[in-house]
Amino acid sequence: MGKHIPPFDNKNQPIVDVNDDVTPLCYFNQVRLSQGEQHQHIVEGYESVIVLAGGTCSITVTNGEKTDVYDNIGKRKSVWDGNPEAVYVPLGYRATIDCVSDTADVMIAGGKFEQSLEPFCVREENVDIVQYGSDDTKTHRKIKHVLGQSNSDNRGRLLVSELFTVGAGGWSGFPPHKHDEDRVKPDGSKETLYEEVYQFRFNPDFGFGAQFLYEHEDDFGPVYHVRTGSVIAIDKGYHPSVAAPGYEMYYFTIIVGKTEKSLIQHFDPHHEYQVETIPGIKDMIAKFK
């Protein structure tokens, strides 16, 4: 039930590779390039999206004789400086990433899928931004959706976002929730099966937090100490996280459905009542039902 991959130099090789032992639906690679360097990307059986965490790249997407070129993807120095830009790479396509800035920090997210769609780019003005929670409830956070509801017709079951705890410290993924079954619950509502992978970053960089994982509402742990570069892979169970006081927490989220295009979560019954106490969370949940 989940795992923590501590920060390491992955040398531009996948951190969560195809058919992973915990989250086989997900793929994740972080690629670091210098000006003039190039990276080739293709993952058989997975749709993917290339997101600029920092720097600027030209991205060429090809399939046979079909070629699409997206210039000047990425406008920010780091994830703390602005909105992401990205290019969607359909199943069966190859992407060539050329670094045109001094350096580039590139996040590649993938999800298993069966159809080949069309490539497209997500510019900073196209990113859907949602903010909810409050400082009083220690749940204040901002979500920047790269692949989400607004482009659902153009993607498969891959959802990709950037999440920030707003302010210094606080909780995310709260109330605790899970999404590890495709089912209709006794009350007629649904839950959908989605695996997910996170990469954490903190501001200042030496900050830290904790990732909780538990399968049943009466279980204990495990709890992982996460720092900048930590990767968490989750296949099932409840998974709230928290940032230590004084630090802003960011995590890059890759969420992939097994059968459904919309993520619908199930809250831990012990804590579900707190949905009523967190400003804006009910509106956010309603968008995905």
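The questions and answers below concern a predicted model.

Reader: How many disulfides does a search of the whole structure find?

Author: A disulfide needs a pair of cysteine sulfur atoms within 2.5 Å. For Cys 99, the nearest cysteine sulfur is 4.8 Å away and belongs to Cys 57, and Cys 99 is in no disulfide. Across the whole structure, the number of disulfides found is zero.

Reader: Is Cys 99 buried or exposed?

Author: A residue is buried when its relative accessible area is under 20%. Cys 99 has a relative accessibility of 4%, so it counts as buried.

Reader: Which residue is joined to Pro 204 by a cis peptide bond?

Author: Pro 204 lies in the loop between β18 (194-203) and β19 (208-212). The cis bond has an omega of about -5 degrees, and the residue that it joins to Pro 204 is Asn 203.

Reader: Where is Pro 175 found?

Author: The peptide bond from Phe 174 to Pro 175 is cis, with omega near 0 degrees. The place of Pro 175 is the loop between β14 (170-172) and β15 (177-178).

Reader: Is Lys 11 buried or exposed?

Author: Lys 11 sits in the loop between β1 (3-5) and β2 (26-34). Its phi is positive, near 55 degrees, though the residue is not glycine. Exposed means a relative accessible area over 50%. The value for Lys 11 is 61%, so this residue counts as exposed.

Reader: What is the phi of Asn 19?

Author: Asn 19 is found in the loop between β1 and β2. Asn 19 is not a glycine, yet its phi is positive, at about 55 degrees.

Reader: Which strands stand at the edges of the open sheet of seven strands?

Author: The strand order is β1-β21-β18-β23-β13-β12-β11, and the pairing is antiparallel. From one strand to the next, the twist averages 20 degrees. An edge strand has a single partner, so one of its sides is left without a neighbour in the sheet; the strands in that position are β1 and β11 (128-132).

Reader: How many residues of β18 are buried?

Author: In the sheet order, β18 comes between β21 and β23. Strand β18 is mostly covered, and of its ten residues the number buried is nine.

Reader: What is the bridge partner of Tyr 198 in β21?

Author: Strands β18 and β21 (residues 231-234) run antiparallel and are joined by four bridges. Within β21, the bridge partner of Tyr 198 is Ile 232.

Reader: Which residue in β13 stands opposite Lys 142?

Author: Strand β12 (residues 141-147) runs antiparallel to β13 (residues 158-165), and six bridges join them. In β13, the residue opposite Lys 142 is Phe 164.

Reader: What is the volume of the second largest pocket?

Author: The pocket is lined by 14 residues, and the closest to its centre are Phe 212, Tyr 214, Asp 219, Asp 268 and His 271. By class, the lining has eight nonpolar, three polar and three charged residues. The volume of this second largest pocket is about 170 Å³.

Key: Residues numbered from 1 in each chain as written. Predicted model: local features only at pLDDT ≥ 70, side-chain atom pairs only at ≥ 80, totals over all residues. Heavy atoms only, no water. Buried < 20%, exposed > 50% of the residue type's maximum accessible area, 1.4 Å probe, protein only. Helix = DSSP H or I, 4+ residues; strand = E, 2+ residues; numbered from the N terminus. Pairing = 2+ DSSP bridges. Axes fitted to C-alpha atoms, helices over the stretch in contact; angles between N-to-C directions. 1 Å grid on protein atoms, 1.4 Å probe; cavity = no way out; pocket = protein on both sides within 12 Å on 5 of 7 lines; lining within 4 Å. Points joined across faces, edges and corners; volume = space filled by probe spheres on them. Nonpolar A, V, L, I, M, F, W, Y, C, P; charged D, E, K, R; others polar.
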